[in-house]
Amino acid sequence: MNSFFNFINLQNGEESKSKVLENVTSNISFRGSNLWILACAIMIASIGLNVNSTAVIIGAMLISPLMGPIVGAGFALGTFNFPLLKKSFKNLLIATAVSLSVSAFYFYISPFKDVQSELLARTSPNIYDVLIAFFGGLVGVIAITRVEKGNPIPGVAIATALMPPLCTAGFGIATLNFSYFFGAFYLYTINCFFICIATFFVVKYLKYPSALIDSKYEKRIKYGISALIIVMIIPSFYLALNLYNEKKYTKTAEQFIEKEFDKKGYTVIYKKINYNTNPRSIDVAFINKKFSDEEITFYNKMLEESGLKNTQLNIRQNSTDIKSEILSEISKFDNNISEKDIAISKLREELDTYKVSDSTLSKEISILFPKINEISYGKIEKYPQTDSARLQFVVLYSGQDVNDNQLKNWLQKRLNEKDVQLVKKAESNK
């Protein structure tokens, strides 16, 4: 048993406590280069969220120095070092204010204010975010207290994701969308708090020397921390439960649509499940099925029997609904294609009027009139002074002792052309 505890003992490979505290304290301050690095990291993360690039967001999280004051606050709580705690909170507030200002400024001037999936992912924290922050914080502080730091810290920075929710909160300020702001800022607060609490537990476990002698005061602090943990966790449990209920509702609605419509051969071309409305609604449209009012009422009654309470089924099938819009777009597309086909057809017809498509003509001429050295032929438009334009077959040839009348008569009969014009090229003198 002793060997097992020795195997998992965190004291093995531990850095000296004084050196760890020195490193933690030095990384708390946001002055000079740290502040510039933070501002640049926030700008990069904001751009990444704006263009929905996960790789850019990860890069911003790796270069962010935000972990410093949070870990410092955890060490300060664990050792009851209130001057250090005050310094950590002060610098965390500075970092938070700078981050919000930079991200809000970027999103305010950015021409692209569409809500991307990476932004939406930071607006609804739940209990899973609590677990990620806590265990990420554990890994981070364990790595900090080792002689050999290893490479967990970059992974902790990515997993705990402090930068994206701050940038999303800045987006909420810039667009005056305060639901985004409060959701994202709550996620940021959760991450900060539970990284801090994880640090507190590891510091207590490793028995870092306390700066407080009064045991009663120490108990009050522990009770206060316990109360804060409860206060922070309860909303996340509620949000996690809400997320679970939404996914369960969506799955039930999908099964209802599949059972009542898809399996009966009704082609669903549009569906939208609205969970956050009152009453909740399911919007569907079909390509080849029209339902009567009685049928729609019947399906609405079936919703409650299927576990979809407080839900309205909306079947869009009139001229203003999505079905008509889709068919209208298809019709426009078909019309565009038809117009292009007509234009191409006309061009082909016009080209055919000038083109001689008889591939054997030149071979026959070379056999019947072997004295012709070179020949070209085609149709051109002829404009008589007293008549409208008409097509004339023109032959351009070179050669000695060629019977022009014989060649012309033969071409008129061969091509069924009344008017054939022969043009003899002058021989070049070599």
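Mentor: Before we start, a helix here is a DSSP run of H or I that is at least four residues long. Keep in mind that this is a predicted model.

An unreviewed UniProt entry lists several spans as "transmembrane region", among them 35–51, 156–174, 180–203 and 223–241. Residues 180–203 are 100% helix and 0% strand, with end C-alpha atoms 35 Å apart. Residues 223–241 are also 100% helix and 0% strand, and there the end C-alpha atoms lie 27 Å apart.

Now for your pair. Two packed helices are described by the angle between their axes and the distance between those axes. Helix α3 (residues 33–50) meets helix α10 (residues 163–174) at an angle of about 75°, and the axes are 9 Å apart. Angles of 65 to 115 degrees count as roughly perpendicular, so α3 is roughly perpendicular to α10. On the α3 side, the contact is made by L38, A41, I42, A45, S46 and L49, while α10 brings M163, P164, L166, C167 and T168. Sorted by class, that contact has nine nonpolar residues, two polar ones and no charged ones.

C167 is buried, because its relative accessible area is 0%, and buried means under 20%.

L166 has another partner too: T96 touches L166, F185 and Y188, leaving aside neighbours within four places in sequence. T96 belongs to helix α6 (residues 82–109), and at 9% relative accessibility T96 counts as buried as well.

Conventions. Residues numbered from 1 in each chain as written. Predicted model: local features only at pLDDT ≥ 70, side-chain atom pairs only at ≥ 80, totals over all residues. Heavy atoms only, no water. Buried < 20%, exposed > 50% of the residue type's maximum accessible area, 1.4 Å probe, protein only. UniProt positions renumbered as here; feature names shortened; annotations may be inferred. Helix = DSSP H or I, 4+ residues; strand = E, 2+ residues; numbered from the N terminus. Contact = heavy atoms within 4.5 Å. Axes fitted to C-alpha atoms, helices over the stretch in contact; angles between N-to-C directions. Parallel < 35°, antiparallel > 145°, perpendicular 65-115°, else oblique. Nonpolar A, V, L, I, M, F, W, Y, C, P; charged D, E, K, R; others polar.
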